[in-house]
Structures are given as structure tokens and as C-alpha cells.
Amino acid sequence: MTDNLLFILLVLVLSYFAIETISTTSYYFINNKKCNIVEKFEYNGIYTGKTILIIGSVHGNEPAGHYTLKKLKGKLDRKEISIINGKLILIPSPNPCGVQYNYREIPGGHDINRGFPYVKDGTSRTENNQKIVDYITESQPDLVIDFHEAYYFHKMNRDSWGSTIIINEPKYKKIALKCTSALNKTITNKKKHWSVISHFDQIPGSLRSYCNMMKQGYILIETTGQRNVQKIDRRVEENTIIINTILKQSKMIV
Ligand SMILES: [Zn+2]
């Protein structure tokens, strides 16, 4: 009896890994041009002001940024929100197939967030990277906001960066603290509170490292969200609080 159970368990485990391997392999071999289409959407204010570029979900298995920007785009298109000063640029789908199939990388196995140029005038590893680099170069934004998701709350697990705002330069501390204060007012459990991080390793090829090298204003947002550790609606709500706080502080919206 025990042997039979063990055998069934073994078959189940092996089947699971076989299915995982087949689906991952078939994802990596998808050859569809639409996986490399990266669109930007621009919203100009009535008056001049700051330019902010927001990018959602370069990692497809971290979809909250993508859904947040899609929702925001809808509101801007329907004129439920208007930009008063400056320019807002949205890139809601830098990794469209990753979001569709729930994979971190793009087909081909490339991680967009390791494919940005390592040196000034260096090359991008993928078309998706190059589009993002082009959009940043053309628009020279005052700030890039990059949405990612980690697997657990940083205050409870120091190995994960969930619920943190990571800044490259001290000048962004004030605005980041405004965001965490607005967020934490909505969270009763203090262990799930957001915090601001200013010491964080530079990972070569990441958008953060690229912006740092180019002296480009940049903020990294990490919700606690991978594997649905918090519901998607809540993660989108948290991202929306962050965006609204930054746009208000920058006088782009009222
Ligand atoms: Zn990520």
C-alpha cells in the first residue's frame, strides 16, 4: 500500500515537472513579432512642467504594474484624469507575451531587466530593451518610475524587497516617503508597511543600473505580489496610490 502511494506520488511529481518543462520550452520558442512590440502613450499637459515616464512589468510574472498603467491609460483616454502641467509617458506593456503567459522573460529566454546597455552607447540585448532606451533618450524624462513585484513583505523577510520604494539618489527620498506614508495609512498590519530603501546593489543590465549610469532620475517600486501573495486588485491599488502621490507632488495633476 505504502509502496503504491509512493509510486503514485512519484508519477505525479514527474508529470508536473514534465508539463512545466514542456510549457516553458514551448513559451521560449514562441516566435511572434507581437512579443517585441513596445508601445508608449503620451499625455501632454496644458502648461509646461515635468516629464515623467512610467513603465509597468518588464517582468511578465509581475503584472501589477501593467494592469495599473492600463487602468490609468483608460482614465486618461476618457478624460477622467487630465494632465495639467508637463508630460506623462506610459509604457504599460514592455513584455506583452510575458504578461500573457505569466513568464518573467520574453520568448527566447531573455530577461529584459538584464538586457539594458552596460556602458554608455552600449547595445541593448533585445528589441524590447532598445525601444525603452529610445523612448527614454527621446523624451529625457525628469523621472522614470519602474514597477516590479517581489515575493514577500520586506519587513518580514529581508531577502525579499516586497513593499519597498528603492531610490538611486537622496533627492528622491522626500517624495518616496510621501508615497510610503500615503500607503501605510491604508495598511493596519505594521509588518506589511512600505519602506524606502536607498542602499541596493546595482545589477548590470537592469533599468535601474542603466538610469544610474546615464544620470537619469529613477525610482524602483516593488509591490508584494509574485505568486499572488496579495490579490491583484490590492497591488494595483497600491501602485495607483504611488502614482497619484508622485503626479500630485510634481504638480502634474490636482
Ligand atoms: Zn521584477
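Predicted model: local features only at pLDDT ≥ 70, side-chain atom pairs only at ≥ 80, totals over all residues.

At what angle do helix 5 and helix 7 pack, and how far apart are their axes? I looked the pair up: helix 5 covers residues 173-184, helix 7 covers residues 232-249, and they pack at about 135° with the axes 9 Å apart. The two helices are therefore oblique to each other. I also checked the hand, and helix 5 passes helix 7 in a right-handed crossing.

Next I listed who touches whom. From helix 5 I have Ile-175, Lys-178, Cys-179, Ala-182 and Leu-183. Across from them, helix 7 puts in Glu-238, Ile-241, Ile-242, Thr-245, Ile-246 and Gln-249. Sorted by class, the contact of helix 5 with helix 7 comes to 7 nonpolar, 2 polar and 2 charged residues.

The crossing of helix 2 and helix 7 is right-handed. On the helix 2 side I wrote down Ala-64, Gly-65, Tyr-67, Thr-68, Lys-71 and Leu-72. On the helix 7 side the list reads Ile-232, Arg-235, Val-236, Asn-239, Thr-240 and Ile-243. By class, the contact of helix 2 with helix 7 splits into 6 nonpolar, 4 polar and 2 charged residues.

Which strands does helix 7 lie across? I get strand 2, strand 4 and strand 7 (218-224), with helix 7 running at about 155° to strand 7.

I noted an open sheet of 7 strands, order 1-3-2-4-7-5-6, with mixed pairing. Strand 1 (41-44) and strand 6 (195-197) are at the edges with a single partner strand each, so one side of each has no neighbour in the sheet. On average, neighbouring strands of this sheet are turned by 20° against each other, direction ignored.

I zoomed in on one pairing. Strand 2 (residues 47-56) and strand 4 (residues 143-150) run parallel and are joined by 5 bridges. One detail I jotted down is that Gly-56 has Phe-147 in strand 4 as its bridge partner.

Last entry, the domains. The domain assignment gives me domain 1 (1-30) and domain 2 (34-249). I have 35 Å between their centres, taken over C-alpha atoms. What does each domain bring to the contact? Domain 1 supplies 4 residues and domain 2 supplies 7 residues. The side of domain 1 that touches domain 2 has 4 nonpolar residues, with no polar and no charged ones.

Definitions and conventions: Residues numbered from 1 in each chain as written. Domains from an automatic or database assignment. Contact = placed C-beta atoms within 7 Å. Nonpolar A, V, L, I, M, F, W, Y, C, P; charged D, E, K, R; others polar. Axes fitted to C-alpha atoms, helices over the stretch in contact; angles between N-to-C directions. Helix = DSSP H or I, 4+ residues; strand = E, 2+ residues; numbered from the N terminus. Parallel < 35°, antiparallel > 145°, perpendicular 65-115°, else oblique. Left-handed = near helix turned anticlockwise from the far one by under 90°. Pairing = 2+ DSSP bridges.
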